[in-house]
Amino acid sequence: MYSATCEAPVNMALVKYWGKRNEELILPINDSISMTLDANEMSAKTTVAASESFKQNRMWLNGEVVPFEDNARLMRCLEGVQRLALANGGLKFPLSWKLHIASYNNFPTAAGLASSAAGYACLVYTLARLYEIPMNEQLTTIARQGSGSACRSLHGGFVQWHRGIADDGSDSIAEQLVTAEHWPNMHMLILVVNDARKKTGSTKGMQSAVETSTLIQHRATTIVPQRIKELRTAIQARDFKTFAELTMRDSNQLHAIALDTYPPCVYMNEVSHAIVNFVHDYNESVGEVKAAYTFDAGPNGCLYVLAENVAPLLAAIQVAFPNDAQQSVEYLKGIPVPPVELKKMATNGIAEHVNPKNLLKYIIHTKIGDGPRQLSDE
Ligand code: DP6
């Protein structure tokens, strides 16, 4: 029996991937850039075991059995890694050996936070370790076929997924722009929003956007290429102001495209919009851009903020969204919120946002992180 256990991080996009030019190979219509998050807070952990005695391929996700061989995306990843292993000089055990795969997320699935990126990145990385394939860019083309955004979770720091031009997807790879050490004080607060409504998943949402939105092609061909250039420069220069503006504009544009889809996809709710207004007012009230929001295909707000600005921002959040104050404590991981900051925020206009409807479930505090790593093997 052979086995490998690895951990892979979640990533959060700054310039969003939204729309495919090939559904099966998962090829995007535009480049995207993301930041990889620290695996200590949020990650997927996967063990893959191969044995002569296993009767069939089996998979468990968070302890529950999930389909294996009828999951086309999973099979595509497995076959991709096996093909690469054969090309890399053979296998240390026969391909006929069946696999058992167990995967866990270390963050609450109830938070509605996308786990597929970390999950597929972890699956592909762990299979690569099992078959002794060194980390290389081809692995990102395989993870991409599990879930598009997964390819970016194979690197740490800031990562660009290139749309590529080849029909077979061979140049649609994820590239690391800078490591986490380049901007180590880049933190994130994830404001998990209470939400009961059922949402259209990303896969369906972007498919119907490509079919019906009259704005999406303009975004893909004209806006994003320029935005990618500017964001790369801002990241290189650690220019938070430009970084923040580009990020917020791109999140807003993703949701504009979602609304331009017919019928429209509504991902943000009232609390999400309160978060947007709060961030703009906060930046204005402190006289400097200190926070940037981004929203994926759901209502949760992800705020980019530098480490030194986390405590005052949290203080302001707790004034603006008072209902979460108690519940969030356990997620704050010991960050002190000075009472004096709380008072200051309450008197400088932020308190206007106090609204009993502004319910947050809780806050996750995390930061930029590294790529996947192996935890053990046999
Ligand atoms: C809004 O990667 O989940 O998070 O490729 O169909 O699996 P599939 O979609 P997925 O879409 C992610 C969309 C997004 C933006 C992003 O991460 O870039």
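Author: What follows sets values computed from this model against the definitions behind the words.

Author: This is a predicted model, in which local features need pLDDT of at least 70 and side-chain atom pairs count only at pLDDT 80 or more, while totals for chains, interfaces and linings use all residues. Residues are numbered from 1 along each chain as its sequence is written.

Reader: Why is Met206 called buried?

Author: A residue is buried if 20 or more other C-beta atoms lie within 10 Å of its own, exposed if 12 or fewer, and partly exposed in between, with C-beta atoms placed from the backbone. Met206 has 28 other C-beta atoms within 10 Å, and therefore it counts as buried. Met206 is found in helix 4 (residues 202-212), where helices (H or I, at least four residues) and strands (E, at least two) are DSSP runs, numbered from the N terminus. In the protein chain, buried residues make up 46% of the 378 residues.

Reader: Which residues is Met206 in contact with, leaving aside its neighbours within four places in sequence?

Author: Two residues are in contact if their C-beta atoms, placed from the backbone, lie within 7 Å. With those neighbours left aside, Met206 is in contact with Trp18, Gly19 and Lys20.

Reader: What makes strand 5 mostly covered?

Author: In strand 5 (residues 32-36), 5 of its 5 residues are buried. Ser32, Ser34 and Thr36 lie on one side, with Ile33 and Met35 on the other, and the burial of all of them leaves both faces covered. In a regular strand the side chains alternate between the two faces of the sheet.

Reader: How do you know that strand 5 and strand 2 pair?

Author: Two strands pair if DSSP finds at least two bridges between them. Strand 2 (residues 11-15) and strand 5 are joined in the antiparallel sense over 4 bridges, so they meet that condition. Within this pairing, Asn11 has Thr36 of strand 5 as its bridge partner. Strand 5 also runs antiparallel to strand 10 (residues 158-161), again with 4 bridges, and there Met35 stands opposite Phe158.

Reader: What makes strand 13 and strand 15 edge strands?

Author: They belong to an open sheet of 4 strands in the order 13-14-12-15, with antiparallel pairing. Strand 13 (292-294) and strand 15 (360-367) each pair on one side only, and are edge strands in that sense. Elsewhere in that order, strand 12 (residues 186-193) and strand 14 (residues 301-306) pair over 6 bridges, with Met186 opposite Leu306.
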